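Please read the points below beside the sequence and the model. They take the two chains in turn.

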Amino acid sequence: MGDMSDIASRGYAHPEVLVSTDWVAAHLNDPSVRLIESNEDTLLYSSGHIPGAVHVDWTTDLNDPLRRDYITREGFSALMSRIGVTPDTTVVFYGDKNNWWACYAFWVFQLFGHTNAKVMDGGRLKWEKEGRELTREVPKITPTTYEAPERNDAEIRAFRDEVLRHVEKKGQLVDVRSPEEYAGTRLHMPDYPNEGALRGGHIPGAKNIPWAKAINPEDGTFKTAAELRELYLNNASLQPDQPTIAYCRIGERSSHTWFALRYLLGFKNVKNYDGSWTEWGNSVGLPIER
Amino acid sequence: MALPPRLQEILDLFATMDDPADRTDLLLSFADQFREVPPEVATRPFGRDHLVPHCESEAYVWAIRQPDGTLKLHFAVENPSGISAKALAAILDRALSGLPPDQIAEVTPDIVEAIFRQNISMGKGMGLMSMVQAVRSLAKAAA
């Protein structure tokens, strides 16, 4: 069977946050588990998803429709009710692009303290490569009652002024964008449209570790703890006991790195700066390094 | 210049759909109609000169001149998650195959926005518009 023991043998600080495709296949009919697909491509879920999985869309479900912010307590309660989740439900995220959006949704769920949450290692890519079942049938969900607490931004979310203080204290920063964005030679991802910042470069002192380096590209699974330590600790000299802030362009790629640092390597204090470069590179007077 | 009639019909159909779910269903029905380039036109490994640049779905495009001087478009989409690319390929084939090259060359990438609207996400837009641009370039070269 391999996979579960495989995840357990990779040396992660919190291996329980990852489940294998085998585990998911064995829990398809488990009423205490809710599978949640989150993708960049909004057509993908409708084109076929894991049986029983619900769709959470990062733009329409997790973001405030007006302000640049996440949904409120009321919005999150309504979302959880709609997707049939109770406080006791284990939610398991998966999606396209190496679980990029799955980790982003996982992070937003943690702002509301739904800690009973996991990510399916390898995401859609691994599930599809293994030839497992996909369906277009959207599950019929009986709405639940879910009373979410107020969103708690203090623990895992960083705001601009806090990042500035962190820079002044020479705190650890991880820039997870492409080397070209980090260097300031481009203002957006390769092959992506320019969703603008007026200035290019990076936050002073940030180390550049592109987010997808944490992944085995052939099946989308996370690298072992030893490989991740080589990447983040040995190569980039990050220290797990030091406060760390990750950022990218709008905070989605960096939620993937946040997940890897916090749960797989056990960093004590990691925050995701979701304002990221679209805020920093557009703000008047903030320090920039190239 | 007016758009080719079959393309205009498809755009009109999308324009009537305000419910995102209906739009998604229509896009999926096009994706389901997608047929890969037949082996008499091209076989793997496909020539790199037919690869659409900037398209994550690894889309390939061919424009084959027919005896009557019109073009027949063919596509391949190598990424199994390339649903949007398959939908657009099926739409372009349906709307443009059988037209003379100079008419196909008039079609501009902004049709992508009219077709996908809110279903277009950050990365996809560039790749899909690049597919239209690739068709346009082949048609120009054939004109």
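1. Domain bounds, as used in this note, come from an automatic or database domain assignment. The model is a predicted one, and in it chain A is divided into domain 1, covering 3-129, and domain 2, covering 160-280.

2. Taken over C-alpha atoms, the centres of domain 1 of chain A and domain 2 of chain A are separated by 21 Å. The contact between them draws 27 residues from domain 1 of chain A and 36 residues from domain 2 of chain A.

3. Turning to chain B, its secondary structure consists of 6 helices and 2 strands, and along the sequence these elements follow the pattern α-α-β-β-α-α-α-α.

4. How does the radius of gyration of chain B, and what value would a compact globule of 143 residues have? Such a globule would have a radius of gyration near 15 Å, and chain B, at 14 Å, agrees with this. Along the principal axes, the C-alpha atoms of chain B fill a box of roughly 40 × 35 × 25 Å.

5. Of the 143 residues of chain B, 51% count as buried, where buried means under 20% relative accessible area. Among the contacts in chain B with a separation of 6 or more, 64% are between residues 24 or more positions apart.

6. The accessible surface of chain B comes to about 6700 Å², and carbon and sulfur atoms contribute 53% of that area.

How values were computed. Residues are numbered from 1 along each chain as its sequence is written. Chains are lettered from A and ligands numbered from 1 in the order in which they are written. This is a predicted model: local features need pLDDT of at least 70, side-chain atom pairs count only at pLDDT 80 or more; totals for chains, interfaces and linings use all residues. Side-chain values use heavy atoms; hydrogens and water are left out. Helices (H or I, at least four residues) and strands (E, at least two) are DSSP runs, numbered from the N terminus. The radius of gyration is taken over C-alpha atoms; the globule rule is 2.2 Å times the number of residues to the power 0.38. Buried means under 20% relative accessible area, exposed over 50%, partly exposed in between (1.4 Å probe, protein chains only). Contact means heavy atoms within 4.5 Å. Accessible areas come from the Shrake-Rupley method with a 1.4 Å probe; for residues, only the protein chains shown count as cover.
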